[in-house]
Amino acid sequence: MKKFELIAPCHFGLEAVLKREIYDLGYEITSVEDGRVTFEGDAEAICRANIFLRTAERVLLKVGKFKAVTFDELFEGIKALPWEAYIPEDGRSWVKKASSIKSKLFSPSDIQSIVKKAMVERMKQYHNVEWFAETGANYPVRIFLYKDEVTVTIDTSGESLHKRGYRTLSSKAPITETLAAALIMLTPWKRDRILVDPFCGSGTFPIEAALIAANIAPGMSREFLAEQWTNLIPKQLWYDSVSEAEELVDTEIKVDIQGYDIDGEVVKAARENARRAGVEHLIHFQQREVADLSHPKKYGFVITNPPYGERLEEKETLGALYTQIGKAYQRLDSWSMYLITGYEDAPKHIGRKPDKNRKIYNGMLKTYFYQFLGPRPPKKDKQA
């Protein structure tokens with residue numbers, strides 16, 4: 001089967017997590033750059049990557065790469081690419097996004113216009129026609145310019161992969177599903193350990209943890225744009241990939257995953273999201289303040305996204321809130337705590353310096369993933 005080069009964008013700073021996921025799927029990684037991992041795979045890899053990857057934002061099919069410092073060079077470079085190998089004569093193509101960093105060509109609208117013209121010129125020559133009906137499947141193109149190097153891709157996913165389909169109800173400041181999954185996977189949490197999110201909001205951390213625990217592939221219940229690309233991907237490959245995902249699901253597992261929020265309506269919304277994700281029975285949601293956080297068991301995990309204080313009135317009470325978080329954490333014997341926040345003074349009010357701190361961009365917002373590590377649990381007796 002024909003091999004493709006595929007690019008999976010991810011949150012800046014979380015490339016290592018996505019890299020591990022791609023290796024686990026059995027594909028060879030060719031390069032890792034800021035916010036993206038490139039790997040090789042066949043048509044089936046497009047299906048499996050979209051369905052199984054928890055931390056990728058989308059899966060892009062790489063058409064080519066070249067250098068361009070003038071619009072003439074951009075036009076000729078695009079025209080030289082084998083578009084006919086990817087887009088059929090009736091395919092609908094347009095430049096969905098053009099981004100430019102540290103490059104001489106920087107106008108997204110001009111780049112989009114020239115790329116589309118060059119694509120049409122190539123296709124006109126190949127098909128020997130002057131006009132295309134474009135009544136077939138969609139092939140949205142995404143162009144990235146970095147230091148005058150142009151990377152040309154076609155989007156296979158459609159809607160971003162963080163849209164799993166379960167979260168129709170969101171809280172005020174939701175964390176994306178892909179970011180939540182990546183942060184959980186950065187921790188040593190496993191499904192036999194307790195996990196509590198005391199600021200669960202729409203339930204994203206507990207739901208993503210439950211999906212990981214039950215081995216439910218994140219894209220199993222949604223559609224992808226490339227399902228219509230029958231010229232490149234036989235429909236059967238999608239059916240086979242979904243069947244593979246279904247065989248791996250284990251919803252009979254016993255887990256202790258809990259989500260709390262001070263707002264009862266938000267808790268109801270989180271419960272409804274969990275039901276839609278098929279993991280409601282694996283999570284205990286409760287209306288509860290962080291000050292009341294306690295647990296009799298040892299070696300658990302707090303993984304949470306507390307308020308950042310984006311609004312002025314919130315900033316005045318942030319210090320007191322993080323002091324409450326610190327006091328609650330002190331009561332949790334042998335637990336680890338991981339929290340993502342844009343509040344730089346969080347450790348000061350928590351009352352403990354984090355063991356690790358990772359800078360992560362949540363959209364355009366700079367945040368910190370503070371990691372307070374508890375002791376490891378004693379090893380279980382192998383015979384037991």
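## Pocket, sheet and cavities

Four strands each put at least two residues into the lining of the largest pocket: strand 4 (60-67), strand 5 (92-101), strand 6 (138-146) and strand 7 (149-155). Keep in mind that this is a predicted model.

The largest pocket has a volume of about 1,100 Å³. Its lining counts 26 residues, and the ones closest to the centre are Cys10, Asp34, Gly35, Arg36 and Ile101. Sorted by class, the pocket lining has 11 charged, 10 nonpolar and five polar residues.

Now for the sheet behind those strands. In what order do the seven strands of the open sheet run? The order is 2-3-1-4-7-6-5, and the pairing is mixed. Strand 2 (28-33) and strand 5 sit at the edges with a single partner strand each, so one side of each has no neighbour in the sheet. From one strand to the next, the twist averages 30°. As a bit of background, strands of a sheet pair through backbone hydrogen bonds, and they can do that in parallel or antiparallel fashion. Strand 4 and strand 7 run antiparallel, joined by seven bridges.

Helix 3 (residues 71-79) touches strand 4, strand 6 and strand 7, and its direction makes about 135° with that of strand 4. Helix 4 (residues 108-127) touches strand 5 and strand 6, with its direction at about 140° to that of strand 5.

Elsewhere, two helices cross each other. The axes of helix 5 (residues 177-186) and helix 6 (residues 204-213) come within 9 Å and cross at roughly 65°, and the crossing is right-handed. On the helix 5 side, the contact is made by Glu177, Ala180, Ala181, Leu183, Ile184 and Met185; on the helix 6 side, by Thr204, Phe205, Glu208, Ala209 and Ile212. Those contact residues split into eight nonpolar, one polar and two charged.

How many cavities of 30 Å³ or more does the structure hold? There are two, and here is how their volumes and linings look:

| Item | Value |
|---|---|
| Largest cavity, volume | about 90 Å³ |
| Largest cavity, lining by class | six nonpolar, two polar, three charged residues |
| Second largest cavity, volume | about 40 Å³ |
| Second largest cavity, lining by class | nine nonpolar, one polar, no charged residues |

Helix 4, which packs on the sheet, turns up again here: with four residues, helix 4 gives the largest share of the lining of the largest cavity. Residues lining that cavity include Lys116, Met119, Val120 and Met123, along with Ile87, Pro88, Phe132 and Glu134.

The second largest cavity is lined by Pro198, Phe199, Val290, Leu293, Val302, Thr304, Ile325, Ala328, Tyr329 and Met337. Strand 11 (301-304) and helix 9 (312-330) are the elements that give two or more residues to this lining. Which of the elements gives the most to the lining of the second largest cavity? Helix 9 does, with three residues.

Note on methods: Residues numbered from 1 in each chain as written. Predicted model: local features only at pLDDT ≥ 70, side-chain atom pairs only at ≥ 80, totals over all residues. Heavy atoms only, no water. 1 Å grid on protein atoms, 1.4 Å probe; cavity = no way out; pocket = protein on both sides within 12 Å on 5 of 7 lines; lining within 4 Å. Points joined across faces, edges and corners; volume = space filled by probe spheres on them. Nonpolar A, V, L, I, M, F, W, Y, C, P; charged D, E, K, R; others polar. Axes fitted to C-alpha atoms, helices over the stretch in contact; angles between N-to-C directions. Left-handed = near helix turned anticlockwise from the far one by under 90°. Contact = heavy atoms within 4.5 Å. Pairing = 2+ DSSP bridges.
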